[in-house]
Amino acid sequence: MSIPEAKFKINVKEGVVELEGKENFVDKHLDKFEEIFKSAIRETMSQGIDYNLAANDASALPHQDIEKSFDISRPELSKTHNNNKHATKLSLSPIPVDLKANENKIGLREFYAEKKPINHYEKTAVFVYYITKVNKQAEIKYGEILSCYEEVGEKKPSITDIIKNSIRYKGWLEWGSDKFTTRLTISGENFVKFDLPQQKRSQLTEQQQSTTLLLPNS
């Protein structure tokens, strides 16, 4: 029984499409399948299922398998490959950033404990606020946010999805000038500065309600 020489895989969670197999198979089908990839992943993401299809290629030469990957979470990143046409898979890793306390600044751990964010959107906003306001960086790399998660001992999410949804639905962040960078918005600054921690918001609401009850009837 022959072994499949190539496979076509869609990763719904990460928004990545992969064509993997012998180099001549990948080169032969790469351009033809690109539009199929984009259409297929949109359909797959709407249905919430994964496809993993294998196909034989009798003309493939017996040398090293390679892999092509596409990330369509942002249009400008839909196609990635290098000059040698070898394996190219997009991944984000922590990037070193100064998060420790010193005589001039509070450490991220202390700041994080003070703000008490309760979900990944709030946590990411706190991290971006810290690097923006305390470290004086105008733009923050996604990898630096991952380092913040490591610093406070929290499980890392799909940071690309968190930032994308935060920009779209929360308004706390905005796209940076480079790929995989983001900036703090005025809304995000106000949220972290004035609305966190949650208890602070609850206390303000209670104070407003108490003030309303004390007002004399007109």
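How are H2 and H3 oriented to each other? H2 and H3 are oblique to each other; the legends below give the details.

The model is predicted, with local features requiring pLDDT of at least 70, side-chain atom pairs counted only at pLDDT 80 or more, and totals for chains, interfaces and linings using all residues. Residues are numbered from 1 along each chain as its sequence is written, and side-chain values use heavy atoms, with hydrogens and water left out.

**View 1. Crossing of helices H2 and H3.** Helices (H or I, at least four residues) and strands (E, at least two) are DSSP runs, numbered from the N terminus. Two packed helices are described by the angle between their axes and the distance between the axes. The axes of H2 and H3 cross at roughly 135 degrees and come within 11 Å; axes are lines fitted to C-alpha atoms, for helices over the stretch in contact, with angles running from 0 to 180 degrees between N-to-C directions. Angles under 35 degrees count as roughly parallel, over 145 as roughly antiparallel, 65 to 115 as roughly perpendicular and the rest as oblique. The crossing of H2 and H3 is right-handed (near helix turned clockwise from the far one by less than a right angle; left-handed if anticlockwise).

**View 2. Residues between H2 and H3.** From H2, Leu108, Phe111, Tyr112 and Lys115 meet Lys123, Val126, Phe127, Tyr129 and Tyr130 of H3. This contact (heavy atoms within 4.5 Å) has seven nonpolar, no polar and two charged residues. Ala, Val, Leu, Ile, Met, Phe, Trp, Tyr, Cys and Pro count as nonpolar, Asp, Glu, Lys and Arg as charged, and the others, Gly among them, as polar.

**View 3. Aromatic pairs.** Rings of Phe, Tyr and Trp (its six-membered ring) pair if their centres lie within 6.5 Å; planes under 30 degrees apart count as stacked, over 60 as edge-to-face and the rest as tilted. The count by this rule is six aromatic pairs. Phe111 and Tyr129 are stacked, because their ring centres are 5.7 Å apart and their planes at 5 degrees. Both residues are buried (under 20% relative accessible area; exposed is over 50%, partly exposed in between; 1.4 Å probe, protein chains only). Trp172 and Phe191 are also stacked, with centres 4.0 Å apart and planes at 15 degrees. Ring pairs link Phe111, Tyr129 and Tyr130 into a cluster.

**View 4. Surroundings of Thr124.** Thr124 is in helix H3 and, at 1% relative accessibility, counts as buried. Beyond neighbours within four places in sequence, Thr124 is in contact with Ile145, Tyr149, Ile159, Ile162, Ile163 and Leu173.
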